[in-house]
Amino acid sequence: MSSENPTREKSPSESHAEVIVRMFPSDANPAGNVFGGEILKHIDMVAGIVAQRHSQSNAVTVSMDSVNFLKPVFVGNVLTLNARINYVHNSSMEIEVKAEAEDIVTGIRTITGTAFVTFVALDKHGKPMHAPKLALKTDEDRIKFEEGKIRMEKRLRNRQK
Ligand SMILES: CC(C)(COP(=O)(O)OP(=O)(O)OC[C@H]1O[C@@H](n2cnc3c(N)ncnc32)[C@H](O)[C@@H]1OP(=O)(O)O)[C@@H](O)C(=O)NCCC(=O)NCCS
């Protein structure tokens, strides 16, 4: 582990990110709905913004789990991806992402996907470094931290070496 030290504790709200994208025909699968891989790309991207905002370093994806596509996303929908950091260990950070699709004509919004993405903060030599600890300000922060810790322990038990 790198000896570079994080600056200070940071709350989840300081790194929260929201990304809004319009789904185009080029995002579709052969059946005409939005391709799951396209949504995964946006999930990874918004989670990466949160991880880098929190760690103020380079941060790379090491795992993505509990990915659920709950409803289809259609060409023309506006996809909003909300991401927050739940848990920090040493260099690893769990980011939770929720994707919501909006039919822009009817205004109906549907939660279409959820995922947990783990990032690792890297120093300038590409080695894992400590990320700032989480300052837990709200009950939601504290609950999500405890749940994230349990998921991270499970992830590490199942980790492929
Ligand atoms: C990130 C990377 C440098 C970590 O290397 P490593 O040898 O596994 O390092 P460590 O074993 O010291 O693990 C570093 C941290 O990652 C965590 N980690 C590693 N694999 C993990 C996994 N599958 N799930 C969750 N956490 C994981 C470890 O628990 C550790 O966390 P901690 O510092 O909070 O305790 C290395 O796995 C890597 O380069 N992966 C490729 C990342 C990448 O390129 N992603 C882009 C998509 S291809």
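Q: What counts as a helix or a strand here?
A: Helices are DSSP runs (H or I) of at least four residues, and strands are runs (E) of at least two. The model is predicted. On those terms, residues 13-125 are 20% helix and 48% strand. The end C-alpha atoms of this stretch are 29 Å apart. According to the UniProt record, an unreviewed entry, residues 13-125 carry the annotation "domain: HotDog ACOT-type".

Q: What makes S1 and S2 edge strands?
A: The open sheet has five strands in the order S1-S3-S4-S5-S2, paired antiparallel. Strand S1 (17-22) and strand S2 (58-69) each pair on one side only, and they are the edge strands. From one strand to the next, the twist averages 25°.

Q: How do you know that S3 pairs with S4?
A: Pairing needs at least two bridges, and 10 bridges join S3 to strand S4 (residues 92-102), with the two running antiparallel. Leu79 stands opposite Ala101 in S4, and Ala83 stands opposite Val97 in S4. The two strands form a hairpin, with three residues between them.

Q: What makes S3 a mostly covered strand?
A: Buried means under 20% relative accessible area, and 10 of the 11 residues of S3 are buried.

Q: Which strands does helix H2 touch?
A: Helix H2 (residues 36-55) packs on the sheet and touches S1, S2, S3, S4 and strand S5 (109-122). The direction of H2 makes about 135° with that of S2. Another helix, H3, lies across S2, S3, S4 and S5, and runs at about 80° to S3.

Q: Why is the pair of Tyr87 and Phe145 called tilted?
A: One aromatic pair turns up in a search of the whole structure. Tyr87 and Phe145 are 4.9 Å apart, centre to centre, with 55° between the planes. The distance of 4.9 Å is within the 6.5 Å limit, and since stacked needs under 30 degrees and edge-to-face over 60, the rest count as tilted. An angle of 55° therefore makes the pair tilted. Because Tyr87 lies in strand S3 (residues 78-88) and Phe145 in helix H3 (residues 139-157), the pair ties together parts 58 residues apart in sequence. Both Tyr87 and Phe145 are buried.

Q: What places Arg151 over the face of Phe116?
A: The limit is 6 Å from the ring centre and 35 degrees from the ring normal. Arg151 is at 3.8 Å from the ring centre of Phe116 and lies over its face.

Q: Why does Asn77 count as buried?
A: The cut-off is under 20%; Asn77 has 8% relative accessibility, so Asn77 is buried. Asn77 lies in the loop between S2 and S3. Leaving out residues up to four places away in sequence, Asn77 touches Val21, Arg22, Met23, Ala101, Glu102 and Asp103.

Q: Why is Val97 called buried?
A: Val97, found in strand S4, has 0% relative accessibility, so Val97 counts as buried by the cut-off of under 20%. Beyond residues up to four places away in sequence, the contacts of Val97 include Ile43, Val46, Ala47, Leu81 and Val117. Val97 and Pro128 are 31 residues apart in sequence and 23 Å apart in space, C-alpha to C-alpha.

Note on methods: Residues are numbered from 1 along each chain as its sequence is written. This is a predicted model: local features need pLDDT of at least 70, side-chain atom pairs count only at pLDDT 80 or more; totals for chains, interfaces and linings use all residues. Side-chain values use heavy atoms; hydrogens and water are left out. Rings of Phe, Tyr and Trp (its six-membered ring) pair if their centres lie within 6.5 Å; planes under 30 degrees apart count as stacked, over 60 as edge-to-face and the rest as tilted. Buried means under 20% relative accessible area, exposed over 50%, partly exposed in between (1.4 Å probe, protein chains only). Axes are lines fitted to C-alpha atoms, for helices over the stretch in contact, and angles run from 0 to 180 degrees between N-to-C directions. Contact means heavy atoms within 4.5 Å. UniProt positions are given in the numbering used here, feature names are shortened, and annotations may be inferred rather than shown by experiment.
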